[in-house]
Amino acid sequence: MAIPKFTKLTTTACPLNIENVDTDQIIPARFLKAVERKGFGDNLFRDWRYDKQGNKITTFPLNDPKYGGEILVAAKNFGCGSSREHAAWAVFDYGFRVVVSSFFADIFKNNALNNGLVVVQVSEEFLNKIFAAIAADPKAQFEVDLPNQTFTICATGDKTSFDIDGYKKECLMNGYDDVDYLLSIKDDIERFEQSRS
Amino acid sequence: MGKTLFDKVWDAHVVRQLDGGRSVLYIDRHYIHEVTSPVAFLGLKNRGIKVARPQQTTGTPDHNVPTQDQDKPVTEEQSRKQLESFSQNCEANGIEYFKLGSPNHGVVHIVGPEQGITQPGMTIVCGDSHTSTHGAFGAVAFGIGTSEVEMVFASQCILQPKPKTMRITVNGKRGKGVTAKDIILYIISKISASGGTGHFIEFAGEAIRDLSMEERMTVCNMSIECGARGGIIAPDQTTFDYVKGRNRAPKGEEFDKAVEKWKTLASDPDAKFDTEYTFDAADIEPMITYGTNPGMGIGITKTIPSDEGLSGSDKVSFAKALAYMDFKSGEKMLGKRVDYVFLGSCTNGRIEDFRQFAQAVKGRKKAPHVTAWLVPGSKMVEAQAKAEGLDVILKEAGFELRQPGCSACLAMNADKIPAGMYSVSTSNRNFEGRQGPGARTMLAGPLVAAAAAVTGVVSDPREVFNL
């Protein structure tokens, strides 16, 4: 079973300058009743995107036609709250391939990486530069280079490097899946079990 | 250099260490529920494999179950399908599960400990962030995503980066009317909703040692609300006494042998933590939250803080939270209108919580305009409450017990708080819309909830109940 491969991407970005975006906002609990992984993107940020009557809230960045692209840029502590992987699925299913923030909640980060959604953690200062670049030009382009672990604001050439676990980087670049890896070390696991009994 | 308790348990479960920091971690106990497991089961099916160690997994449906008429078919179609699929998956893979309505059924983080499945020194995971609850026993327990649930199904292991360690020491004795919930809400208000991110927290100090097992579970349960992967408390006599005699606990000589081993589970005196905080229990009063993350809590007699000192997105987020709650800086929390009261959840759905609530409201009446949902965490809690006559006390005061489930904590079932309404809730999250679209949540402990239920406004339980 493979995850989608990722190497390099140049695209526009959608700004979400809100802190502590929790997984109940990303995908409210009432949309977690599915038994398959389908259609979660439709309900991404459901209660921020639509009003009670189901009309689009036009001021919300995802509904604003001037923004688009495959990068979501959010303020600090993105993905806090529950462990629901549906949150990562929803972000990916909507069409984002990268989420940028100055700080990610741990479980969300793991969930994203396990699904081919790249998380790029940058400094608070660099994050503000990204928001400023989008404010100056909503069609501003950004480059995410996973092999070199860099994120570039194309218009200004401003570049920052980002950290990623070496194993996870390999997985993302090659589309490897953790379960396949764990199944491949079955003998080690059995030896470990025997050593404990 | 000595080892922390967390390091001791973690290191004993590392099967293999990968370059870049990830460990292949062996999992002793896996809990599952109906919401985060279906796609993992589907993944196994697509790979043509079955659950590798079904005897190490226990299931219970809780997030999506009705809390009334559990003996009748579930009416909501999607929920019913999810529950049916859960039963089928457990049966097809030989996994024991506690069926809705059966005597052992309940919320996953309540039933694991009460059955004695959760024990000191174990690694425990579940596709639910409040798995941190089980750390109260000196276990390394944390929430995982569905991909990781599939990893555990397939191999009984997960790949995981090792978190940093943090120790939070709470010294001294707590005051009257201060519950475990107040201690943890106080800690989160001090270190913020993200202050524990990347860490595993050991809770220590006299005020923590003084807690009962159920209270320790409340504290560890909310470790995730400051962003931590989990919380852990060194096991002691309180722990051993709790585990002894439970269904799945070791028996006789086996138990004594286990206790000898469990006694070694403590941080060495010279162990170093990456981060340390120290608080004084005497500074803690009954707490309540005023905003939309669990870090936005204050002592119940305090006023809502201002945004002074905040800038940029901090300031915007603070204003957004107050606008959602329709609160203003400088206002007192005391006297705020309360429409709903929720007692329950994996945070405060245990028998001691129901005793505390029932004893408080005994001889009083529920405020007429308040809707109260009292949801036991399990069938065993429900049965115990009835055996002790708590249901009668509650009925006389105008309350009734519902049936076990996660209920209004996440409002996935029909227990939704209507838009704009104010709820004093003993659950763990006050996020926008958490208890229903537009619902406004004030988190608190069972005593503050009881005071709100009888007065109809936010009240200090020490005054209302003469504590």
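Me: Which residues of chain A does B:Arg22 touch, leaving out residues up to four places away in sequence?
Reply: This is a predicted model. B:Arg22 is found in strand β2 (residues 22–26) of chain B. Within chain B, B:Arg22 touches B:Arg16, B:Gln17, B:Leu159, B:Gln160 and B:Pro161. In chain A, the touched residues are A:Asn110, A:Leu113, A:Asp165, A:Tyr167 and A:Lys168.

Me: Is B:Arg22 buried or exposed?
Reply: Buried means under 20% relative accessible area. The relative accessible area of B:Arg22 is 4%. B:Arg22 therefore counts as buried.

Me: How far apart in space are B:Arg22 and B:Gln160, C-alpha to C-alpha?
Reply: In sequence, 138 residues separate B:Arg22 and B:Gln160. B:Gln160 is also among the residues that B:Arg22 touches. The C-alpha to C-alpha distance is 5.1 Å.

Me: At what angle do helices α13 and α14 of chain B pack?
Reply: Two packed helices are described by an angle and a distance, both taken from their axes. Helix α13 of chain B spans residues 351–361, and helix α14 of chain B spans residues 379–387. Their axes lie 9 Å apart. The angle is about 35°.

Me: What is the handedness of that crossing, and how many nonpolar residues are in the contact?
Reply: The crossing of α13(B) and α14(B) is right-handed. B:Ile351, B:Phe354 and B:Arg355 of α13(B) meet B:Val381, B:Gln384 and B:Ala385 of α14(B). By class, 1 residue is polar, 1 is charged, and the nonpolar count is 4.

Me: What is the relative accessibility of B:Asp69?
Reply: B:Asp69 lies in the loop between β4 (57–59) and α3 (77–92) of chain B. Its phi is positive, near 50°, in a residue other than glycine. B:Asp69 counts as partly exposed, at a relative accessibility of 43%.

Me: What is the radius of gyration of chain A?
Reply: Chain A has 8 helices and 8 strands. For its 197 residues the globule rule gives 16 Å, and the value for chain A is close to that, so the chain is as compact as a globular protein of that length. The radius of gyration is 18 Å.

Me: What share of chain A is buried?
Reply: The accessible surface of chain A comes to about 8000 Å², with 47% belonging to carbon and sulfur atoms. Of the 197 residues, the buried share is 59%.

Terms used:
Residues are numbered from 1 along each chain as its sequence is written. Chains are lettered from A and ligands numbered from 1 in the order in which they are written. This is a predicted model: local features need pLDDT of at least 70, side-chain atom pairs count only at pLDDT 80 or more; totals for chains, interfaces and linings use all residues. Side-chain values use heavy atoms; hydrogens and water are left out. Axes are lines fitted to C-alpha atoms, for helices over the stretch in contact, and angles run from 0 to 180 degrees between N-to-C directions. Helices (H or I, at least four residues) and strands (E, at least two) are DSSP runs, numbered from the N terminus. A crossing is left-handed if the near helix is turned anticlockwise from the far one by less than a right angle, and right-handed if clockwise. Contact means heavy atoms within 4.5 Å. Ala, Val, Leu, Ile, Met, Phe, Trp, Tyr, Cys and Pro count as nonpolar, Asp, Glu, Lys and Arg as charged, and the others, Gly among them, as polar. Buried means under 20% relative accessible area, exposed over 50%, partly exposed in between (1.4 Å probe, protein chains only). The radius of gyration is taken over C-alpha atoms; the globule rule is 2.2 Å times the number of residues to the power 0.38. Accessible areas come from the Shrake-Rupley method with a 1.4 Å probe; for residues, only the protein chains shown count as cover.
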